[in-house]
Amino acid sequence: MLVTILAVITLAVGGCANFTEQDRQREAGAFTPNSRPSGQAEPTPPPATPRETQPPPSGPCVDPDPAVIATCLASTGGLMPGDDQGEVTVVAERTTGKIITTKRYGPERVLAQAPVDASGDGGLIDFAFSPTYSQDRLIYALITTPSDNRVVRLAPDDVPKPILTGIPKGTTGNMGSMFFRTPTELVVATGDAGDPASADNPSSLAGKVLVITSFTSGANPRPRILADGFGSSVALCPNEDGTIYVADQKAAEDRVQVLEEGGPKVLWTWPDKPQIAGCGVANGSIFVSTTRTQRIEGIREPTREDPTVTAPAVVLDRRYGALGRMTALPNGVLQVATVNRQVGDPKPTDDRVFRFLPQGGGNDRT
């Protein structure tokens, strides 16, 4: 299923599909990249592709860093890989409501767009492709409206159709996450909307991990609550065997938890609150991206044979500025979006998506 979706997206960004006038291609130009802290080793980018050996195009949005695959984006929300190597990305522009697919040097195409309220940290928060996207071209999105946060269904040349409404909206705490666990189960994580008490209130949809099983645009049954008690900027990162990890920010700490039958189990906490924004699982490690400290950190996945979780290892430090959402590929490559236009020090090519292959992340076991 995922392979089919990626193939369709790859065709789209490769220019072999027919799209509307919303499609656009940005030019690119050079800028001075973020400086590296003294003594810090140069990060290892993924292997170069043949395209990277060609002379770059001219223009204001070309980033000299070969790991950067998307440039000049509005402030970002969720993202996912658009091919099986991580050279193509699909990213949400949180403030414009656009879902964009692109690769290094373009072209850039708009796959869908929804009207959103982008005040605070709201807007186009995340998205998930229909399990039958190659046939129906449907995309599900978690968005903020003037009255609430909601899940909607986006179809070509149609208005967004509500699937789940009434998720509380706040001036902060709107950022959530979503993915299809099975073709009939859409898992949606919601932030606490700035009200921590609502996360523990079973009558509220805030601060929860929900399972949606009905996708009609009429009145749907209330989703099942898979877990509760979550804070703000809730990110889901499932691994290949179906285990779901959740990263969020609470008042006293940031944390990563694993969803178990008895409820969420805390694996690690960050009392210094680096503002964890994204997470991804690759090669037996759980990686998190941070906004305030501008890092990627990794911890080893606990196993039945070795359930010990040791201190995170920093695998990337202050190279791209403030980091937002993250996604991981089976080949170990991470795609990470920046949020410099929202909270950081934007460079001329921000916001960006870059590829990164962690080396020795998560304190590899000997």
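In what pairing do the bonded cysteines of the chain stand, numbered in sequence order? The pairing is 1-2, 3-4.

Before you start selecting, note that this is a predicted model, where local features need pLDDT of at least 70, side-chain atom pairs count only at pLDDT 80 or more, and totals for chains, interfaces and linings use all residues. Residues are numbered from 1 along each chain as its sequence is written, and side-chain values use heavy atoms, with hydrogens and water left out.

**Stop 1: the disulfides**

The structure holds two disulfides. A disulfide here is a pair of cysteine sulfur atoms within 2.5 Å.

Select Cys-61 and Cys-72. They are joined, S to S 2.0 Å. Cys-61 sits in the loop between helix H1 (2-13) and strand S1 (68-70), and Cys-72 in the loop between S1 and strand S2 (76-81). The two are eleven residues apart. Helices (H or I, at least four residues) and strands (E, at least two) are DSSP runs, numbered from the N terminus. The torsion about the S-S bond of Cys-61 and Cys-72 is about -105°, so this disulfide is left-handed. Cys-61 is buried at 9% relative accessibility, and Cys-72 is buried at 11%. Buried means under 20% relative accessible area, exposed over 50%, and partly exposed in between (1.4 Å probe, protein chains only).

Now select Cys-237 and Cys-279. Their sulfurs are 2.3 Å apart in a disulfide. Cys-237 lies in strand S14 and Cys-279 in strand S18 (residues 276-282), so the pair ties together parts that are 42 residues apart in sequence. The torsion about the S-S bond of Cys-237 and Cys-279 is about -110°, so this disulfide is left-handed. Cys-237 is buried at 2%, and Cys-279 is buried at 3%.

**Stop 2: the sheet with S14**

Stay with S14 and show its sheet. It is an open sheet of four strands, ordered S14-S15-S16-S17, with antiparallel pairing. Two strands pair if DSSP finds at least two bridges between them. Strands of a sheet pair through backbone hydrogen bonds, either parallel or antiparallel. The edge strands are S14 (232-238) and S17 (263-270), and each pairs on one side only. Neighbouring strands of this sheet are turned by 25° against each other on average, direction ignored. Those angles come from axes, lines fitted to C-alpha atoms (for helices over the stretch in contact), and run from 0 to 180 degrees between N-to-C directions.

Zoom in on S15 (residues 244-249) and S16 (residues 254-260). They pair in the antiparallel sense over five bridges. Ala-247 stands opposite Val-256 in S16.

**Stop 3: the sheet with S10**

Next, show S10-S11-S12-S13. This is an open sheet of four strands in that order, with antiparallel pairing. S10 and S13 (224-228) stand at the edges, each with a single partner strand, so one side of each is left without a neighbour in the sheet. Inspect S11 (residues 185-189) and S12 (residues 208-212), which pair in the antiparallel sense over four bridges. Ala-189 faces Val-209 in S12.

**Stop 4: aromatic rings**

Rings of Phe, Tyr and Trp (its six-membered ring) pair if their centres lie within 6.5 Å; planes under 30 degrees apart count as stacked, over 60 as edge-to-face and the rest as tilted. The count comes to six aromatic pairs.

Select Tyr-140 and Phe-180. They form an edge-to-face pair, 5.6 Å centre to centre, with 75° between the planes. Tyr-140 lies in strand S7 (residues 139-144) and Phe-180 in strand S10 (residues 177-182), so the pair ties together parts that are 40 residues apart in sequence. Tyr-140 is buried at 5%, and Phe-180 is buried at 13%.

Finish with Phe-127, Phe-129 and Tyr-133, which form one aromatic cluster.
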